[in-house]
Amino acid sequence: MLHMEYVRNVNCNYERILLEEKPNGKLYQYCILGRGEIGGLLPCSLRYIDGSAYLYYDITSRQNISHLYSNRCITREWLTDFVWSLKRIQQELQRFLLDIRNILWYPEQIFQDLESNIFSFVYVPYYRGEPSFIKLVEFWVEHIDYSDEELVECVYRMYEKIERNGEVYLQARIFEDAECLENRKEDVGFTGLTDSVTGGIQTERDGTSGEMDTHDIQTEDVIHKTVTGEKKGIWGLLGGKKKKDKKLREDYQRSMQRAMTGYAVAEETPYTDETYGQTVYVEEDVDVVDRIHRLCTPEGKLLGSLEVPMLSVGKKKGEVDLALQDSSVSRIHARVTNECGTVYLEDLNSTNGTFRNSIRLHPYEKQRLDEGDEIRFGNVVLIFR
């Protein structure tokens, strides 16, 4: 089990991983990773502090996708870009004789640069932990745009294949599935094979890397026949998991409703002849207005209110709830959350920092807010009311 934490040093933010044993820093993977020349991998350095060994990954100006898509939908275009980033990083790792199994695929460990939209991955030398790619696909299942049926069907097929075949699917067939996601023709199945993809990225088909064995190919045939022959629909792809899928869809719809309106979707209440038409008296809560917290300038001007469970702050209009037009503020800087009446301030790996009462938060650190607290996003000062 890896121990991870976020720290800040001078003008950079880092995610650091504590190694259980002191490694031999002269081994090949540590040496090649320390050079920082591998495209798609987070810059990394091996450091020793108080007798312990740490891997430091520079995450400055990047956001992990778990935070980026906590309340947003993953689109077809985003998923396609991500999968081809996987192809490029796989080619880079092969070029430097590195093992793709040493990448951490958890959504919290995959970072995206908001300016360039480039993805960066955490590589742990000689790591042999539990397979994590299925956790990433589960994240996709929970956050994809459910209005795009082709996208939903593709992701569920990916989920079933990674569940059956393990991470060999990552090395062999996931790229073909992504190609077919780009092709909108109705007569093209998700198992079709082509030699090029949109955007001019040429894929290699030399058959030397990550091929599935005979059993895997037979499994693919069974999946293909199940979908193209009987056309059971996207919710039949997981066989006996229909009940789980139904609950997943309902939970997803409620979460989206909550994210958009700030209120959860109410469960339908059955009415009987005796209760229908009756009016239930609801006692007015005179303090409800006082419980709506606000973010104000020191002069008292209202800039934002916590009428919803989460208020994101930054300077990128359209991506945050409260846009602050100041060069010291990051595109997605921080967020304020209301969790059962308790309000928290969380930094989102901002460049110039998030401060509570002049004390800087670590990247992704959460602190409870109290009435009258001073909050600073870069150079912008607000008061919590």
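Okay, hi everyone. Before anything else, what you see is a predicted model, where local features need pLDDT of at least 70, side-chain atom pairs count only at pLDDT 80 or more, and totals for chains, interfaces and linings use all residues. Residues are numbered from 1 along each chain as its sequence is written, and side-chain values use heavy atoms, with hydrogens and water left out.

Let's start with the overall picture. The protein has nine helices and 19 strands. Those are DSSP runs numbered from the N terminus: helices are H or I with at least four residues, and strands are E with at least two. There are 385 residues, and 45% of them count as buried. Buried means under 20% relative accessible area, exposed means over 50%, and partly exposed is in between, using a 1.4 Å probe and protein chains only. Now take the contacts, meaning heavy atoms within 4.5 Å. Among contacts with a separation of 6 or more, 59% are between residues 24 or more positions apart.

On to the helices. Just after H3 you'll find Leu97, which takes a positive phi of about 60 degrees.

Next, a pair of helices. Two packed helices are described by the angle between their axes and the distance between the axes. Here the pair is helix H5 (residues 149-165) and helix H7 (residues 174-182), whose axes come within 10 Å and cross at roughly 170 degrees. The axes are lines fitted to C-alpha atoms, for helices over the stretch in contact, and the angles run from 0 to 180 degrees between N-to-C directions. H5 and H7 are therefore roughly antiparallel, a label for angles over 145 degrees, while under 35 is roughly parallel, 65 to 115 roughly perpendicular and the rest oblique. Who makes the contact? On the H5 side we have Glu150, Leu151, Cys154, Met158 and Lys161, and on the H7 side Ile174, Asp177, Ala178 and Leu181. By class, that contact has six nonpolar, no polar and three charged residues. In case you're wondering, Ala, Val, Leu, Ile, Met, Phe, Trp, Tyr, Cys and Pro count as nonpolar, Asp, Glu, Lys and Arg as charged, and the others, Gly among them, as polar.

Now salt bridges. A salt bridge here is a side-chain nitrogen of Lys or Arg within 4 Å of a carboxyl oxygen of Asp or Glu. How many does a search of the whole structure find? It finds 16 salt bridges.

One of them pairs Glu5 with Arg16, with the closest N and O atoms 2.6 Å apart. Glu5 sits in strand S1 (residues 3-9) and Arg16 in strand S2 (residues 12-18), 11 residues apart. Glu5 is partly exposed at 26% relative accessibility, whereas Arg16 is buried at 15%.

Another joins Glu115 and Arg331, at 3.6 Å between the closest N and O atoms. Glu115 is in the loop between strands S7 and S8, and Arg331 in the loop between S12 and S13, so this pair ties together parts that are 216 residues apart in sequence. Glu115 is exposed at 61%, and Arg331 is partly exposed at 31%.

Then there's Asp370 with Arg356, whose closest N and O atoms are 3.5 Å apart. Those two belong to a network of salt bridges that links Arg356, Arg368, Asp370 and Asp373. Arg356 is buried at 17% relative accessibility, and Asp370 is partly exposed at 36%.

Last stop, the loops. Asn117, in the loop between S7 and S8, has a positive phi near 65 degrees and is partly exposed at 46%. Tyr364 also has a phi near 65 degrees, but Tyr364 is buried at 9%. Finally, Ser330 is in the loop between S12 and S13 and is buried at 12%. Leaving aside neighbours within four places in sequence, Ser330 is in contact with Gly314, Lys315, Ser350 and Thr351.

That's me done, thanks!
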